[in-house]
Amino acid sequence: MFRTTLKGGNKIQIHVVQPGQSLFGIAQAYGTTIENIVRANQIEDSSRLVIGQALVIPIYGSFYWVQSGDTLYSIAQRFGVNYTTLAQINGINPSTPLTVGTRLYIPPMPKRDAEVNIYIEPMGDTVSEELLTEARSVGPYLTYLAPFSYEARRDGSLDPIPTEGIPEVAQSTGATLMMVVTNLENGQFSGELGRAILQSTAVQDVLLENIVEEARRIGGVSDIHFDFEFLPGDQRQAYNNFLRRAANYLHNEGFLISSALAPKTSAEQAGQWYEAHDYRAHGEIVDFVVLMTYEWGYSGGPPMAVSPIQEVEKVLRYALSEMPASKIMMGQNLYGYDWTLPFVQGGQYARAVSPQRAVEIAKENNVAIQYDYTAQAPHFNYVDSAGKAHKVWFEDARSIQAKFNLMKRLNLRGISYWKLGFPFPQNWLLIGENFNVKKR
């Protein structure tokens, strides 16, 4: 059984649906209502649940049912509570053995401060009302809302993006904007575009002036975020030098500066996605970094968890050896993938699915959801109406709580999500439980 807490004094219990369970029975077990569970999880069809589906249960108080081998001390350790306090709250003798099945009340855990960012990527010439509506919904849980992206050009100009409505949403929800600047060109990260910018201080001067001008035009920007990827390895020092110049200029103009970093586990990690990203230098130069700790499972690769926690922790551990935890935001996907099997390299790409959609796919195909405790990620297999086999890996309340626990254990600055447009209501309730979201 999992537990956590809901913003505002209510609690959230994470309940994994077992065979034969219904919303009525689950609501009765936790002393809540079907309507509360449906609302918290945004369940469209409440008549049927999926075995293995993780639900967040809004209740006053949170509970743990004693299992074989449990002691009061081991339960207290698990939840970070003094065992004598746990005994007192539950009216039991701390020296008396526990009975399997006994329900124990678990007091709420203290929250800690954290910053939260989410990228928002308008498509086409306008910002869709659907994106703005979702941004309004999650804005209270955000420090930053990050329009993606302003594309830097070889002459130092910026390719503009639609932002209509985004500054207003940020302001109304207490978030600020993170202005994302990339070396994207024709839809791809361009190493040669990056080289052209990094090798010319004159171009850099024009670029920085244009960035500040645009940031002031749209308003509400607190951070300038450089996401320069796929840079040639020989541009490592040039990128560091540019960030130093940018930091001096932007700080003088009253802005923070941050950078996005590929998920490395050593300074010498080979490959064009990694070599020019100098963790130690970025940790010294910028105010904070976003580690792109996702896409182990990706659309063009074989089926696996998108952000397996054991791999994420390796990146975080390396980052902590190069920079302070107060400068690290862990990257997190808000999506999963649905692969068609058998996987063929260079063949059909997997399609991205939201956590909500993944559960619906399992329900439509009458299959149970499994959970990989090593990767801390849910998954399932199904066969579609055309007889084709599929594998789905995604995120749920359990997997995101595991990431929050890791963040707290490593005392990281916060979390950064890619990206808005993949509904995951449980995530935001759990953000509210685990953290006091810092507002700037």
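Reader: What makes the length of helix α9 close to the expected one?

Author: This is a predicted model, and in it α9 covers residues 236-252, which is 17 residues.

Reader: Which residues of α9 are buried, and what do they pack against?

Author: The buried ones are Ala 238, Tyr 239, Asn 240, Phe 242, Leu 243, Ala 246, Ala 247 and Leu 250. They pack against the helices α7, α8 and α10 and the strands β13 and β14. A handy rule for reading such a list: an α-helix has 3.6 residues a turn, so residues three or four places apart point the same way. After α9 comes Gly 254, with a positive phi near 90°.

Reader: How do you know whether Gln 235 is buried or exposed?

Author: Buried means under 20% relative accessible area. Gln 235 has 3%, so Gln 235 counts as buried. This residue sits in the loop between β13 and α9, and its contacts beyond four places in sequence are Arg 195, Leu 198, Gln 199 and Ala 276.

Reader: And why is Glu 360 called partly exposed?

Author: Partly exposed is the range between the buried limit of 20% and the exposed limit of 50%. Glu 360 has a relative accessible area of 21%, so the label is partly exposed. Glu 360 belongs to helix α12.

Reader: What makes Trp 339 a buried residue?

Author: Its relative accessibility is 1%, and buried means under 20%, so Trp 339 counts as buried. Trp 339 is in strand β17. Its contacts beyond four places in sequence include Tyr 298, Pro 302, Met 304, His 390 and Trp 393.

Reader: Why are α5 and α6 described as roughly parallel?

Author: Their axes cross at roughly 15° and come within 9 Å. Angles under 35 degrees count as roughly parallel, and therefore α5 and α6 get that label. The contact involves Leu 132, Ala 135 and Arg 136 of α5, together with Ile 166, Val 169 and Thr 173 of α6. Sorted by type, these residues are four nonpolar, one polar and one charged.

Reader: What is the phi of Asn 186, and why is Asn 186 called exposed?

Author: Its phi is positive, about 55°, although Asn 186 is not a glycine. As for the label, exposed means over 50% relative accessible area, and Asn 186 has 75%, so Asn 186 is exposed. Asn 186 is in the loop between β11 and β12.

Reader: Why does Gln 376 get the label buried?

Author: With 18%, Gln 376 falls under the 20% limit, so Gln 376 is buried. Gln 376 also has a positive phi, near 55°, and is found in the loop between β19 and β20.

Technical notes: Residues numbered from 1 in each chain as written. Predicted model: local features only at pLDDT ≥ 70, side-chain atom pairs only at ≥ 80, totals over all residues. Heavy atoms only, no water. Helix = DSSP H or I, 4+ residues; strand = E, 2+ residues; numbered from the N terminus. Expected span 1.5 Å × (residues − 1). Buried < 20%, exposed > 50% of the residue type's maximum accessible area, 1.4 Å probe, protein only. Contact = heavy atoms within 4.5 Å. Axes fitted to C-alpha atoms, helices over the stretch in contact; angles between N-to-C directions. Parallel < 35°, antiparallel > 145°, perpendicular 65-115°, else oblique. Nonpolar A, V, L, I, M, F, W, Y, C, P; charged D, E, K, R; others polar.
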